[in-house]
Amino acid sequence: MGRASNGGLPKDLPMDKTVTINESTGLSGPREHAQPRALSAGGTMGRLSVQALVKDLNPSQREAVEYRGGPLLVLAGAGSGKTRVVTYRIAHLLATGEVRPWNILAMTFTNKAAREMKDRVWGLLGRNEPELWVSTFHSVCARILRGHAHLVGYPREFTILDQADQHALAKECCRELNLDTERFPVGLLLQHVSNAKQAFLSPGQYRSCWEGDYLRGRVAGLYEHYQEKLRRIQAMDFDDLLFWVLTLFLEHQQVLEFYRTRWTQLLVDEFQDTNHIQYRIVKALAEEHRQICVVGDDDQSIYSWRGADPTNILEFDRDFPEVKVIRLEQNYRSTSNIIQAASGLIQQNTMRRGKQLWTANAPGDRVAVYLAKDEREEAEFVANEIRHLVLREGFRANDFAVFYRTHAQSRVLEEEFLDSRVPFAIYGSVGFYERKEVKDVLAYLRALVHPGET
Ligand SMILES: Nc1ncnc2c1ncn2[C@@H]1O[C@H](COP(=O)(O)OP(=O)(O)O)[C@@H](O)[C@H]1O
Ligand SMILES: [Mg+2]
């Protein structure tokens, strides 16, 4: 079986929200002896000045950046400056000299968001700051485990399976267990296993949770066997990274203490996308010092199918009852017609904390809605509109973006664009690391590093 050491891109994630694991082996611990360079309110650190920083913020953003009273929940709509608050807060914490770069841990769900956050922070600081951890949950967990995997029964050099390898391994398990994969497709079983891990249930706990349920009984069998196999080949899948870190934190207090001492300031962007186990990890790290700032939009969780749980936002105040809530309601990205249309729709959502978006931007074009008879007519309409705007109004094909909810919908659009000669590119199909040739190269490299494995 070919195995990629890391960096596997789960196939089913939308292109710009893929999770890759960027590991660095450099683990550095708390530096109690290093003294922060204290600065006066108007002081500068390199090119960074506290006053210049807060000048770029509107009053609520500024309040969120300057707040130091403990847990902070920034509840905000799209384009209202959530990432701006996280990045400026980091820069502000450093500029005031309150903490050192290694005291800050900022996390988010996807690699793209983490990259953007890091670039924006580095931009503000005017330099790269490798000791400042700005990363995805998966990447943070992989790095933590490189230091302590032995405590959960793994070697430091454990392998991280990508989705295709995970699937192949599960298939092998199904065969050995004589599971009827016609009736229970491997993908479905694996999804259940993944849900179990995201709910932080061990195989045994999962089994007793679902006593008497036929399908879940099969899942429990597979889960158990699959975990044994993973351990034997010293591999973890993506969910394991989180699962084993939380286990580590719960079972080894001294490790948890180490990270609590190191990361005295936690920040989470796109908090609405965190799942149960990610939330538990954040909570474990923050519940003692309570210096945690989470930023999210309860109206835009799009990852419930991966276990993301927007009730994490709604329930943040259960675990942190003293939480301060700040709303960012000014949108900087869209025209007011778009904001009004979106707010009208979102108002229908249930279980939301509620916020009222507004913008100082111009009204812009009105939003058009077209109700098509079926997917074919819908695609035809889209292609015709684009052709019309290109031929008659001087637009170019790459001025347009077409969004759809699932990959399955791309087929009809593709056919329609081909027919009507609209040039197009589809994003988000096969991830780089899952391309056959890339996987082959990785497998060769792995064989060089671990000649014993096949
Ligand atoms: N106070 C502000 N003044 C000017 N532009 C702002 C302000 N806050 C946010 N923006 C701009 O609005 C856009 C959205 O900000 P961002 O932080 O990416 O929002 P979010 O993370 O909420 O989607 C960015 O282009 C940002 O520069
Ligand atoms: Mg953002």
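Modeller: Happy to. Let me begin with a term: two residues are in contact if their C-beta atoms, placed from the backbone, lie within 7 Å. With residues up to four places away in sequence left out, Val-245 touches Cys-141, Ile-144, Leu-145 and Ile-281. Please keep in mind that this is a predicted model.

Val-245 belongs to the largest nonpolar core, a set of 88 residues, and is one of the members that touch the most others, along with Val-74, Ala-106 and Leu-222. The greatest contribution to this core comes from helix H10 (residues 238-251), which supplies nine residues. Domain 1 (50-142 + 252-328) and domain 2 (159-233) each give residues to the core, so the core lies between them. As a general background, nonpolar side chains tend to be buried together in soluble globular proteins. Apart from this core there is another, of six residues, including Ala-383, Ile-386, Leu-413 and Phe-417.

The protein has a mean pLDDT of 84, with 83% of its residues at 70 or more.

Asn-178 sits in the loop between helix H6 (163-176) and helix H7 (186-198), and its phi is positive, near 55°. Because 12 or fewer C-beta neighbours count as exposed, Asn-178, with 7 other C-beta atoms within 10 Å, is exposed. Arg-290, in the loop between helix H12 (276-286) and strand E9 (292-296), also has a positive phi, near 60°. Arg-290 has 15 C-beta neighbours inside 10 Å and so counts as partly exposed. Most residues other than glycine have a negative phi.

Pro-130 is in the loop between helix H4 (111-125) and strand E5 (133-136). With 11 other C-beta atoms within 10 Å, Pro-130 is exposed. Its C-alpha atom is separated by 8.4 Å from that of Pro-101, 29 residues apart along the chain.

Finally, the ligand. Ligand 1 has 13 residues around it, of which Gly-81, Lys-82, Thr-83, Arg-84 and Tyr-332 come nearest. Helix H3 (residues 82-95) gives the most to this shell, three residues. By class, the shell holds four nonpolar, six polar and three charged residues.

Terms used. Residues are numbered from 1 along each chain as its sequence is written. Chains are lettered from A and ligands numbered from 1 in the order in which they are written. This is a predicted model: local features need pLDDT of at least 70, side-chain atom pairs count only at pLDDT 80 or more; totals for chains, interfaces and linings use all residues. A residue is near a molecule or strand if its C-beta atom, placed from the backbone, lies within 6 Å of it. Helices (H or I, at least four residues) and strands (E, at least two) are DSSP runs, numbered from the N terminus. Ala, Val, Leu, Ile, Met, Phe, Trp, Tyr, Cys and Pro count as nonpolar, Asp, Glu, Lys and Arg as charged, and the others, Gly among them, as polar. A residue is buried if 20 or more other C-beta atoms lie within 10 Å of its own, exposed if 12 or fewer, and partly exposed in between; C-beta atoms are placed from the backbone. pLDDT is the predictor's confidence in each residue, from 0 to 100. A nonpolar core is a set of buried Ala, Val, Leu, Ile, Met, Phe, Trp, Tyr and Cys residues joined through C-beta atoms within 7 Å. Domain bounds come from an automatic or database domain assignment.
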